[in-house]
Structure formats: C-alpha cells, structure tokens
Amino acid sequence: MSFRKEFKFRVSYSDLILIKKKLLYDKMSVLHPARKVNSLYFDTKNLKMFTESEEGTLPRKKVRLRWYNKSETQNLEEKVSSLEGRFKKVKNVDISFEKSDELSFLDSDYGKITPSLLITYNRNYYSYKNLRITFDQEIEYQRIRGITPLSKKEKECVVEIKAPKDVSADYVSSIFHNPTERFSKYARGIISLYKLF
C-alpha cells in the first residue's frame, strides 16, 4: 500500500475558474477526462465513522461505494486514516441497488454498516508539477436514511491535491495561496442533512 498526503482548498466558483486558468497557463495538463462522481457512504446506525472523523480519532476509516457517470460497475472503497498516513483499499463489486439487503456490509472494525449519504459532483482531473489536482463542483448531498428524502446543494467548490508522502506542505503552499482547510464532503452532508451540531 502507498501512503499519500492530501490537501484541500474550499473555494468559490469564481475562484475555482481563476485558479484553473492560472495553472493551465503554467502548463497544468489534463490527467483524465472530466466525469460525474457518485459516492454512496456507509456508516453504523449511530454514525460512528462520522463521529470518529470529526473527533480526529486514529485509526479510522470511511467506507463508500463509488461509480462514475452512469456506469453500473462500482468500487467498494475503504479510506483509512492511520498514524502512518492515509491510504485507500479498492475492490470492484457488482451490486443491484434494487436489492436493499445487499446495501449493508459487515465491517471488521465497525460491525454492520448501511447507506447514510449519497454525494454527487462533477470532477476535473489534472497533473501539475508532480501533483494530482482535482476540481470538484456542483456538489450535491442526499440523505439516505429517514422517511423523507432530503437533499442539499453545496455553495462552494473543492480543489484537492494528492501528493507523494515526501512532498512538503510548504511546497504545496508555494503553489496554492489559498488557506488549506479540512473539507469533508461526507461530514458537511451529514451535518446539514441530519441536523447535527
């Protein structure tokens, strides 16, 4: 497994356009065609994964099903945060969403987990100076649990940088002058749609 560093910048739509324009002028290149990302997050009945993420508990993880555009092929992903760094485990699965009993998993650390939140957004992928940069916009959250479906559109965009473990935060800051901050789509969706805090 390879560990990596992640840096996130929360920006307005207008700032995202300016950042992208500046970096494209400085030879940022397209890494992958743009696509719609769909992430169905799982959690325990009492949202233990969300709570541990908010508290900064280590180790911790997030579990999600991810698919792109209208693909019927999904990846089951575990995003693990540990003392050594962050890494992701990915397994290809084929799940019919019409069979609700298939939408639960027995996790070795958390026990039974079920869908809690669906997040969709448009993502652009770039490469720039040994960094992988993605621009996420048109982010929408949809609550899965409860009798009444609820959804909410995010007003901001996210610039995310993935870097090798040996890349320093100072190097990233020299390229991106926006302040780095924690931005978890999962946490923002849970807080806003489950009326937490």
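R145 touches D43, T44, K45, L47, T114, P115, S116 and Y194, apart from residues up to four places away in sequence, where contact means heavy atoms within 4.5 Å. The structure is a predicted model, in which local features need pLDDT of at least 70 and side-chain atom pairs count only at pLDDT 80 or more, while totals for chains, interfaces and linings use all residues. Residues are numbered from 1 along each chain as its sequence is written, and side-chain values use heavy atoms, with hydrogens and water left out.

R145 is placed in the loop between β8 and β9 (150-153); helices (H or I, at least four residues) and strands (E, at least two) are DSSP runs, numbered from the N terminus. With a relative accessibility of 18%, R145 counts as buried, since buried means under 20% relative accessible area, exposed over 50% and partly exposed in between (1.4 Å probe, protein chains only). From R145 to K155 the separation is 10 residues in sequence and 23 Å in space, C-alpha to C-alpha.

L106, by contrast, is exposed, with a relative accessible area of 75%. This residue lies in strand β6. When neighbours within four places in sequence are left aside, L106 is in contact with G111 and K112.

A pair of aromatic rings is described by the distance of the centres and the angle of the planes. Rings of Phe, Tyr and Trp (its six-membered ring) pair if their centres lie within 6.5 Å; planes under 30 degrees apart count as stacked, over 60 as edge-to-face and the rest as tilted. By this rule there are four aromatic pairs. One of them joins F42 and F105 edge-to-face, at 5.0 Å centre to centre and with 65 degrees between the planes. This pair links distant parts of the chain, with F42 in strand β2 (residues 29-43) and F105 in strand β6 (residues 105-107), 63 residues apart. F42 is buried, its relative accessible area being 1%. The rings of Y126 and F135 are also edge-to-face, because their centres are 5.5 Å apart and their planes stand at 80 degrees. Y126 and F135 are both buried.

Charged side chains lie over ring faces as well; the criterion is that NZ of Lys or CZ of Arg is within 6 Å of the ring centre and within 35 degrees of the ring normal. K20 lies over the face of F135, at 5.3 Å from the ring centre. R35 is placed over the face of Y68, at 3.5 Å from the ring centre.

L16, I19, K20 and L23 are the buried residues named in α1. They cover an arc of only 95 degrees around the axis, and therefore lie on the same side of α1; the arc is that of the directions from the helix axis to the C-beta atoms. An α-helix has 3.6 residues a turn, so residues three or four places apart point the same way. On the other side of α1, I17, L18, K21 and Y25 are exposed. The buried residues of α1 pack against β1 (4-11), β7, β8 (131-143), β10 (157-164) and α3 (169-175). Just after α1, K27 has a positive phi of about 75 degrees.

In helix α2 (residues 48-55), the buried residues are M49, F50, E52 and S53. Viewed down the axis of α2, they fall within an arc of 165 degrees, so they line one face of the helix. Their packing partners are β2, β3, β7 (111-128) and α4 (185-193).

Two strands pair if DSSP finds at least two bridges between them. Strand β3 (residues 60-68) pairs with strand β4 (residues 74-82) in the antiparallel sense over seven bridges, and K61 has V80 in β4 as its bridge partner. The hairpin of β3 and β4 has five residues between the strands, and N69 in the turn has a positive phi of about 50 degrees. Strand β4 is joined to strand β5 (residues 85-93) by nine bridges, and the two run antiparallel. E78 stands opposite K89 in β5. The hairpin formed by β4 and β5 has two residues between the strands.
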